Amino acid sequence: MVNYDEAHLSARALLAASPVHSSTAMKMHVPVMYTFLPATVQWFLSRCCPRSWSPQWKRRYLIALGEYVYRFKDEDGSTPKGSPIPVATTDARIISDHDDENGEFRIVHDLLPEGCNAVFEISSIGKTQYFAVESREEAMIWVNSLRQMRQDAITRQMGHSKNIPYPPEWKSFDASAKRVKDQKTRIKSKMQAMDKKEQEMQQLGGGSGPAAWALYKTLKL
């Protein structure tokens with residue numbers, strides 16, 4: 001069920017508020033178990049097995065506004081995909097071939113979607129997301145925009161920008177984004193706690209499986 005805050009954060013509403021930047025990008029989705037496999041097995045899965053077994057790129061429409069980055073299915077998205085990303089606690093950078101000395105980003109470059117020639121990452125505590133775009137110039141615009149947004153957000157939080165105008169509409173979107181993020185974080189924590197309890201019950205012979213974790217993945221938090 002969509003609540004007020006999620007409905008408030010529609011793509012059209014955000015675009016009408018003159019965002020810092022917005023564009024289409026391809027987001028990499030990596031299966032959880034894939035990251036633990038040896039490089040040779042990853043290579044085999046990406047070329048010889050069903051696509052669902054290996055990382056996939058999914059089209060997203062990104063909007064950077066105020067203190068958050070939002071991901072939508074497209075420009076007409078009625079609600080964000082997943083939690084809004086707070087820029088104050090994230091960093092952004094371009095991923096290039098020169099960064100891949102240890103093969104860490106090999107899969108990102110090997111599976112680059114057609115029509116995309118550059119990748120940038122948005123990283124926060126415990127999570128890194130990769131986005132592919134048409135050109136290095138577009139990737140640089142995103143990186144520079146997000147870094148400037150981060151600096152501006154930190155400056156506001158420290159109370160050093162009292163004389164710098166900040167649109168009231170942006171404040172309203174920020175408030176809704178924070179509530180949505182906090183709600184999804186609480187649900188995720190509860191699901192993980194339930195899953196841990198079920199696993200403990202399983203070990204004692206009284207559990208039936210990690211149903212809570214399955215529910216969490218279904219919610220796509």
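**Layout of the chain**

Modeller: Along the sequence, the protein chain runs α-α-β-α-β-β-β-β-α-β-β-α-α-α. This is a predicted model, where local features need pLDDT of at least 70, side-chain atom pairs count only at pLDDT 80 or more, and totals for chains, interfaces and linings use all residues. Residues are numbered from 1 along each chain as its sequence is written, and side-chain values use heavy atoms, with hydrogens and water left out.

Biologist: How many helices and strands does the protein chain have?

Modeller: Both are DSSP runs, numbered from the N terminus: helices are H or I with at least four residues, strands are E with at least two. By that rule the protein chain has seven helices and seven strands.

Biologist: What percentage of the residues in the protein chain is buried?

Modeller: Buried means under 20% relative accessible area, exposed means over 50%, and partly exposed lies in between, with a 1.4 Å probe and protein chains only. The protein chain has 221 residues, and the buried share is 42%.

Biologist: Among contacts between residues at least 6 apart in sequence, what share joins residues at least 24 apart?

Modeller: A contact means heavy atoms within 4.5 Å. Among contacts in the protein chain at that separation of at least 6, the share joining residues at least 24 apart is 66%.

**Start of the chain**

Biologist: Is His-8 buried or exposed?

Modeller: His-8 sits in helix α1, residues 4-8. Beyond four places in sequence, it touches Ala-13, Ser-172, Phe-173 and Ser-176. Its relative accessibility is 18%, so His-8 counts as buried.

Biologist: What is the phi of Ser-18?

Modeller: Ser-18 lies in the loop between α2 (11-16) and β1. With a relative accessible area of 53%, Ser-18 is exposed. Most residues other than glycine have a negative phi. Ser-18 has a positive value in a residue other than glycine, near 60 degrees.

Biologist: How far apart are the C-alpha atoms of Val-30 and Gln-129?

Modeller: Val-30 falls in the loop between β1 (21-29) and α3 (39-48). Its relative accessible area is 37%, so Val-30 is partly exposed. Along the chain, Val-30 and Gln-129 are 99 residues apart, yet their C-alpha atoms are separated by 9.6 Å.

**Around Thr-90**

Biologist: Which backbone oxygen does the side chain of Thr-90 reach?

Modeller: Thr-90 lies in the loop between β4 (85-86) and β5 (91-95). Thr-90 is buried because its relative accessibility is 9%. A polar contact is a pair of N or O atoms within 3.5 Å; within protein, one must be able to donate a hydrogen and the other to accept it, and residues adjacent in sequence count only if both atoms are side-chain atoms. At 3.2 Å, the side chain of Thr-90 reaches the backbone oxygen of Val-87.

Biologist: Which residues does Thr-90 contact, leaving aside neighbours within four places in sequence?

Modeller: Ile-125, in the loop between β6 (118-124) and β7 (127-133), has its C-alpha atom 7.6 Å from that of Thr-90. Ile-125 is exposed, given its relative accessible area of 79%. The contacts of Thr-90 are Ile-85, Ile-122, Ser-123, Ser-124 and Arg-150.

Biologist: What separates the C-alpha atoms of Asp-91 and Leu-146?

Modeller: Asp-91 is in strand β5 and is partly exposed at 35% relative accessibility. Outside four places in sequence, Asp-91 touches Glu-121, Ile-122, Ser-123, Arg-147 and Arg-150. Asp-91 and Leu-146 are 55 residues apart along the chain, and their C-alpha atoms are separated by 7.6 Å.

**Helix α6**

Biologist: Which backbone oxygen does the side chain of Thr-185 reach?

Modeller: Thr-185 belongs to helix α6, residues 168-203. Its relative accessibility of 38% is why Thr-185 counts as partly exposed. Its C-alpha atom is 8.4 Å from that of Ser-83, 102 residues away along the chain. At 2.9 Å, the side chain of Thr-185 reaches the backbone oxygen of Lys-181.

**A pocket**

Biologist: Which helix gives the largest share of the lining of the second largest pocket?

Modeller: A pocket, on a 1 Å grid over the protein atoms alone, is an open set of points where a 1.4 Å probe fits, with protein on both sides within 12 Å along at least five of seven lines; lining residues have an atom within 4 Å of a point. The second largest pocket has a volume of about 210 Å³, the space filled by probe spheres set on points joined across faces, edges and corners. Of its 14 lining residues, the closest to its centre are Gln-148, Asp-152, Arg-156, Ile-164 and Tyr-166. The largest share, six residues, comes from helix α5 (residues 136-157).
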